[in-house]
Amino acid sequence: MIIMKTDATQEEIKQVINEIKAYGLKADVSKGDYRTVIGLVGDESKIPFSHFATLPGVKEARTVEAPYKLINREYSKEFAGETGNAIVKVKGVEIGGETPVFMAGPCAVESRDQLMRIAEESLAAGAQILRGGIFKPRSSVHSFQGLGSYGDEGAREALGWMREAGERFGLATVTEVRGEAQIELAAEYTDMLQIGTRNMYNQDLLIKAARTGKPILFKRHFGAGIEEFLSFAEYMAAEGNKNIVLCERGILPVGKGKNYTRYTLDLASVPAIQKETYLPIIVDPSHATGRRDLIFNMSCAAIAAGASGLMIESHYNPAEAVVDAQQAITPDELEEIIRTCREIKKLIGRRRNEKN
Ligand code: PEP
Ligand code: MN
């Protein structure tokens, strides 16, 4: 990491970038209100930091120890505002600020009517972002794979409903991309791309999704440690896309726990991750628990843990949902959760976990 002096000139910044390139690395330039910080993408051991420290306009040149350097809090401290937290904007919705953000919608988009009704009711309940799966990752090939599996036409039709619902109800939209072939299509129709738990390690998918420049909702793999999770988010930051929202969605349960919850919601990861990175993190209590009767409590707990928002599966008639019916909640339950979580957030106020 090369920290420039507050009065460094454009020429001096350019010289540092050129030298970084001469060593075979890429430069990641972050311009803050006061100073510019240049991150390094590539093998830092090739960089003579003592030489860089002597270049004109350079205040300090040093290595960042963690494997995730560009999304490291240490890096943002030098250029971000007072809090050092990034705010990711999704069609005007700010994630990572003072107020929590709520994403809701069906597990799978099933029909135009289904989506419009859920969108309308989610908005009325207080949600700002509509979720809906069109390319569904499923454990069984015999299960419904999402409308996106019915060829390009089926995918475009369902994605078109997402766009229509977003426009009609003033909601931002997010949908999962399961493979590289779906990225451009999903980016054309929706405001945010979701990378699901099973694809957290898929470097090529991450890189291609990041290159669209769209905000990314990045879910932790159910078997991934925090360092791995952040290290794979770094792949997207290295493509110049730092509009990343992390999502804790539960890790593999142990022993007999499996019979009680679908996964184990790792809530301590929320403040732990906030200490490491300036990226916002939200929680998905739906996939974490797999049980609608646990969603209210785990939603409250997630906001109390410092999450910047929630993603919840909702349906006007949960029993009717083709996918994940057992964890979907009604619009009334969603409204109660959002109202309560907003109160909890107010109680916590400006107290930030990373400052504890
Ligand atoms: C989803 O959000 O639709 C989903 C499949 O979640 P996950 O990738 O966390 O299982
Ligand atoms: Mn689901």
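Guide: Axes here are lines fitted to C-alpha atoms, for helices over the stretch in contact, and angles run from 0 to 180 degrees between N-to-C directions. Helices (H or I, at least four residues) and strands (E, at least two) are DSSP runs, numbered from the N terminus. This is a predicted model, where local features need pLDDT of at least 70, side-chain atom pairs count only at pLDDT 80 or more, and totals for chains, interfaces and linings use all residues. Residues are numbered from 1 along each chain as its sequence is written, and side-chain values use heavy atoms, with hydrogens and water left out.

Visitor: OK, at what angle do α7 and α8 cross?
Guide: Roughly 40 degrees, with the axes of α7 (residues 203-211) and α8 coming within 8 Å. That makes α7 oblique to α8. On the cut-offs, angles under 35 degrees count as roughly parallel, over 145 as roughly antiparallel, 65 to 115 as roughly perpendicular and the rest as oblique.

Visitor: Is the crossing of α7 and α8 left-handed or right-handed?
Guide: The crossing of α7 and α8 is right-handed. A crossing gets that name if the near helix is turned clockwise from the far one by less than a right angle, and is left-handed if anticlockwise.

Visitor: Which residues in α7 and α8 meet?
Guide: From α7 you have Gln203, Leu206, Ile207 and Ala210, and they meet Phe232, Tyr235 and Met236 in α8. Contact means heavy atoms within 4.5 Å. By class, the contact of α7 with α8 divides into 6 nonpolar residues, 1 polar and no charged. Ala, Val, Leu, Ile, Met, Phe, Trp, Tyr, Cys and Pro count as nonpolar, Asp, Glu, Lys and Arg as charged, and the others, Gly among them, as polar.

Visitor: What about α4 and α5, how do they pack?
Guide: α4 (residues 112-125) and α5 pack at an angle of about 30 degrees, with their axes 10 Å apart. That makes α4 roughly parallel to α5. The contact is made by Arg112, Leu115, Met116, Ala119, Glu120 and Leu123 of α4 and Trp161, Met162, Glu164, Ala165, Arg168 and Phe169 of α5. The class count for α4 with α5 is 8 nonpolar, no polar and 4 charged residues.

Visitor: Staying there, what does Glu164 touch?
Guide: Leaving aside neighbours within four places in sequence, Glu164 is in contact with Arg112 and Met116. Glu164 lies in α5 (residues 151-169), and at 27% relative accessibility counts as partly exposed. Buried means under 20% relative accessible area, exposed over 50%, and partly exposed in between (1.4 Å probe, protein chains only).

Visitor: And α11 with α12?
Guide: The axes of α11 (residues 292-304) and α12 (residues 331-348) come within 9 Å and cross at roughly 25 degrees. The two helices are therefore roughly parallel to each other. Their contact has 9 nonpolar, 2 polar and 2 charged residues.

Visitor: Switching topic, how many residues are in the largest nonpolar core?
Guide: It has 60 residues, and those with the most contacts inside it are Ile71, Leu193, Phe218, Leu246, Val283 and Leu310. Helix α8 (residues 226-237) gives the most to this core, with 6 residues. Apart from it lies another core, of 22 residues, among them Ile134, Ala158, Ala165 and Val323. A nonpolar core is a set of buried Ala, Val, Leu, Ile, Met, Phe, Trp, Tyr and Cys residues joined through side-chain atoms within 4.5 Å.

Visitor: Is Arg220 buried or exposed?
Guide: Arg220 is buried, with a relative accessible area of 4%. You'll find Arg220 in the loop between β11 (216-219) and α8. Not counting residues up to four places away in sequence, Arg220 touches residues including Glu248, Arg249 and Asp266.

Visitor: And where does Tyr189 lie?
Guide: In helix α6 (residues 183-189), and Tyr189 is buried at a relative accessible area of 11%. The C-alpha atoms of Tyr189 and Gly160 are separated by 6.5 Å, though the two are 29 residues apart along the chain.

Visitor: Last one, what's the phi of Lys91?
Guide: Positive, about 45 degrees, although Lys91 is not a glycine. Lys91 lies in the loop between β5 (88-90) and β6 (93-95), and counts as partly exposed at 46% relative accessibility. Asp324 also has a positive phi, near 55 degrees, but counts as buried at 12% relative accessibility.

Technical notes. Chains lettered and ligands numbered in written order.
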